[in-house]
Amino acid sequence: MSTLEIDRARKLYGDLEVLKEVSISIGTGDFLVLLGPSGCGKSTLLNMIAGLEEISGGEIRIAGKVVNDLSPKDRDIAMVFQSYALYPTMTVRQNIEFGMKIRGVSRAERDKAVKTAADLLQMTHLLDRKPSQLSGGQRQRVAMGRAIVRQPKLFLFDEPLSNLDAKLRVDMRTEIKRLHARLGTTIVYVTHDQIEAMTLATRVAVMKDGVVQHLDDPQSVYDRPANVYVAKFVGSPSMNIIPAKLEVKDGNAIAIIDIPGAATAQLAGIPVSSQAAAKYAGRGILVGIRPELFSVTGAASAQKLSVNIDVVEPTGPDTLALFQAGGVEVTARVPPRAVAARTPATLAVDTAKIVLFDAETEQRID
Amino acid sequence: MSRSTPLSNRIENWLPRLVLAPSLLVVLVAVYLFICWTGWISLSSSMIVPKYDFVGLNQYVRLWSTPRWHTAVFNLFVFSTLFLALTTGLGLLMAILLDQKIRVEGTLRAIFLYPMALSFIVTGTAWKWILNPALGVQKVVNDLGWTSFVFDWIAQPTFAIYCVVIAAVWQSTGFAMAIFLAGLRGIDNSVIKAAQIEGASLPRIYRTIVVPMLRPAFLSVIVLLSYIAIKSFDLILALTNTGPGSATEMPSTFMYSATFRRDQMGVGAASAMMMLMTVAAIIVPYLYSELKESRDGH
C-alpha cells in the first residue's frame, strides 16, 4: 500500500503564501502529475512531499502515515531531479549503490540490485563510466536507476525531461510510462508540459498561483476543464474560448455567437443542466470549443457555422484554420486541403462536447 | 576596397600577438633569462660580483655543507607542510560553514578575506607584537589574572617557526576560504538534496560527494599556497628576522643573506637553483596529473 494524501497543505515564505490549502489524494499505483507554469508552486509541493521543504500548515500522509516531521530519508521515497543530480566524482555503479551503502546493505545484495536496475534500464555497459562521459538521456536513466534500487513507496520526479532534446524527451517519456507499468509504484511527477501530463498521468492536478485548479484523470481534464485557465493550459492548440449569449428555447440551451460578415451561429445540443440553462438564459457566457470539434463535412445532426477563413496553417496530418467569431480568433483543426485562406467556409461543430464557462468567474457551467 | 580589407584583416590577425608581445618579452627576460643566468652563476666561483668561470658543482657542495642551509631546508619543510595543511583545512571548514545560508555572510566573508589585503610586512609586524610575551597575548592573559600563563614561542628557537606558521595561516586562510566558497557555490544544490533523501548525513555528504567535487579549487589553492610558502621572505624578516639566532632561517632568507650580505653570490645562486628544483619537483607532477585528467574529460 502506498497512497499519498495531501490534506490542506500550506506553504508560507514570510507573509507570502505560495501554496494555499492544497488537498490531493491518490491511491496505490497512481501516477499523479502536478502541472502548471513556473511559479505555480508545483515544485514547492513536491519538495514538501520529499521533506526538502517544511510544511507550514496541513498534513501530508504517505501510506497513511503523517510525514510532516519526518526527515527525507525516513519517508521511504526516491526522487529524480531535473538536473539529474548525479554525484560527478563517482562512477554510475557507485552512484546507484550510494544510498544502499549508507543504509548498510551487504555487498552481494548491492551487486544484485545494481544488476537488476541496470538490466531494467538497459545500461549495464555504462556501469563503470563517470556521469560526465554520458549523454543527457543516459544520465537521466542513471538517475532513475538510483531511484529504483531504493524500492520506495513513492517516486518523485521533478521535471525530469526538461533538459533533454525534443526527440529524446518523447523516448524517455515512453520509458517512464513503461517503468511505471512494470513497477506499479505510486509516482508524483512535476512538469510544465501538458503533453507529458496527458500521456503519463492517471491523475492530473493543474495548478496556478498555489491553488489546484482541477484534479481529475487526464481525459476528463481535457474534455471538461474546471475553468478557462485549465481549458487554455491543457491542449495544443488550446481550447477556443468564444464570448457568446445563452438562450433557452423549449428547455434547450442555445449559444449564439456573432460572426463578422456572416449570419450569427446558433449552436444547440450543448450539454448543460436545465437549472444552469435557466440561470444563465439571456446572459453572456463563454463557449469552449476544442479545435478538433470542428469538421468540414459534419454529421447530419451537427450544428453549423458559416465563417470566413483568415489563415490556414498546415501541420501535416491536419490543417489549422483560423477565423474570427464572437470577437476572438478561433482555431479549427480540419483535414488537409479541406479549406483555403481568405474564402468562406461552413464548419460543423460537435456540440455534445462543448463546455460553457461563466463570463465573470470563468468557472465551468454544468 | 580590395586593398584595405586584407590590411585590416592582417591587423586583426596580428593585434593579439602585438598586445601580448611586451609581456611575453618581459617574462622571457626577467624570468627565464635570469633563471638561466642564475644557473650559470651557481656553477661559477662568484663571490661579491659575478664571475664567469666554471667550477662545476663546487658551490652546491659548499651549500650543502653549511649547517645554516640545513636549518633553512628543515624549516621550509615544517613551515610549508603545516601552512598548507592548516590553511587548506581551515579555509575549507570556514567555506563550508559560510555556505550554510547564514546571515551577514557578506560581512563575514569580507572580514575573513581582509588579512589578504595586508602586506606580509604589516602582518609580520602586527604578529611580532601580538606574540611578544611582554606586549601581546601572554601579557593580556597575565593581566586578566592567570599570572602563570606563558606563551613565548617567538623567543624559543624550537618553537619560533610555529609563530611564522600562525601569522601566515592567519593571513592566507581567508583567501583559501574564498576560493573554496566559489567552488561550493558552483555545486548543483540538487546533488546535496539527492544525497539527503538517500539518508546520508551532512558530514558524510561533504566528505564523499562535495569535497571530491572541489578538486579544481584544491588545485588552485595548493598551487598558490605552495608558491606563497616557498617565496615567504618578507614575513620572516618582519616577524622574527630569521631569529632567535638562525632558528627561523628559510631558503629565501638564506639566499638573500648569502648573496647580498656575506658576499657568496655563487652559494646564493646555488640555493636559488635548489629552491627552483624543489618547486618544480612538487608542482610539475601535480599540474601534469591534474591537467591531463581534465583534458581526458575527467
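# A walk through chains A and B

The accessible surface of chain A comes to about 15900 Å², and carbon and sulfur atoms hold 48% of that area; such areas are computed by the Shrake-Rupley method with a 1.4 Å probe, and for residues only the protein chains shown count as cover. This is a predicted model, in which local features need pLDDT of at least 70 and side-chain atom pairs count only at pLDDT 80 or more, while totals for chains, interfaces and linings use all residues. Residues are numbered from 1 along each chain as its sequence is written, chains are lettered from A and ligands numbered from 1 in the order in which they are written, and side-chain values use heavy atoms, with hydrogens and water left out.

The predictor's confidence in each residue is its pLDDT, on a scale from 0 to 100. Chain A averages a pLDDT of 90, and 98% of its residues score at least 70. Within chain A, confidence is lowest in strand β13 (residues 265–268), at a mean of 87, and highest in strand β3 (residues 31–35), at 95. Where pLDDT is low, the predicted coordinates should not be read in detail.

Chain A has 9 helices and 21 strands. Helices (H or I, at least four residues) and strands (E, at least two) are DSSP runs, numbered from the N terminus. The C-alpha trace of chain A spans about 75 × 45 × 35 Å along its principal axes. Chain A has 366 residues, of which 50% count as buried. Here buried means under 20% relative accessible area, exposed means over 50%, and partly exposed is in between (1.4 Å probe, protein chains only). A contact means heavy atoms within 4.5 Å. Of the contacts in chain A between residues at least 6 apart in sequence, 68% join residues at least 24 apart.

One element of chain A to look at is helix α2 (residues 92–102). This helix of chain A is largely enclosed by the rest of the structure, because 8 of its 11 residues are buried. The buried residues of α2(A) are A:V92, A:N95, A:I96, A:E97, A:F98, A:G99, A:M100 and A:I102. They pack against α3 (107–120) and α4 (136–148) of chain A, and also against α8 and α9 (202–213) of chain B. After α2(A) comes A:G104, which has a positive phi, near 75°.

Helix α8 (residues 189–197) of chain B also holds B:S190. With a relative accessibility of 9%, B:S190 counts as buried. Setting aside residues up to four places away in sequence, B:S190 touches A:F81, A:S83 and A:A85.

Chain A carries 44 positive and 41 negative charges, and their mean positions are 6 Å apart. In this count Lys and Arg are positive and Asp and Glu negative, with His and the chain ends not counted; the place of a charge is NZ of Lys, CZ of Arg, CG of Asp or CD of Glu. A salt bridge is a side-chain nitrogen of Lys or Arg within 4 Å of a carboxyl oxygen of Asp or Glu. By this rule there are 25 salt bridges over all chains.

In chain A, the side chains of A:R333 and A:D318 form a salt bridge, at 3.5 Å from N to O. A:R333 lies in strand β18 (residues 328–334) and A:D318 in the loop between β16 (303–314) and β17 (319–325) of chain A, so the pair ties together parts that are 15 residues apart in sequence. A:R333 is partly exposed, at 25% relative accessible area, whereas A:D318 is buried, at 17%. Elsewhere in chain A, a network of salt bridges links A:E5, A:D7, A:R8, A:E59 and A:R61.

In chain B, B:E249 and B:R68 form a salt bridge whose closest N and O atoms are 2.4 Å apart. This pair links distant parts of the chain, 181 residues apart: B:E249 is in the loop between α11 (234–239) and α12 (251–261), and B:R68 is in helix α3 (residues 67–98) of chain B. B:E249 is buried, at 1% relative accessibility, and B:R68 is partly exposed, at 31%. B:R68 is also in contact with B:R262, as are B:F254 and B:S257, leaving aside neighbours of B:R262 within four places in sequence. B:R262 sits in the loop between α12 and α13 (265–295) of chain B and is partly exposed, with a relative accessible area of 35%.
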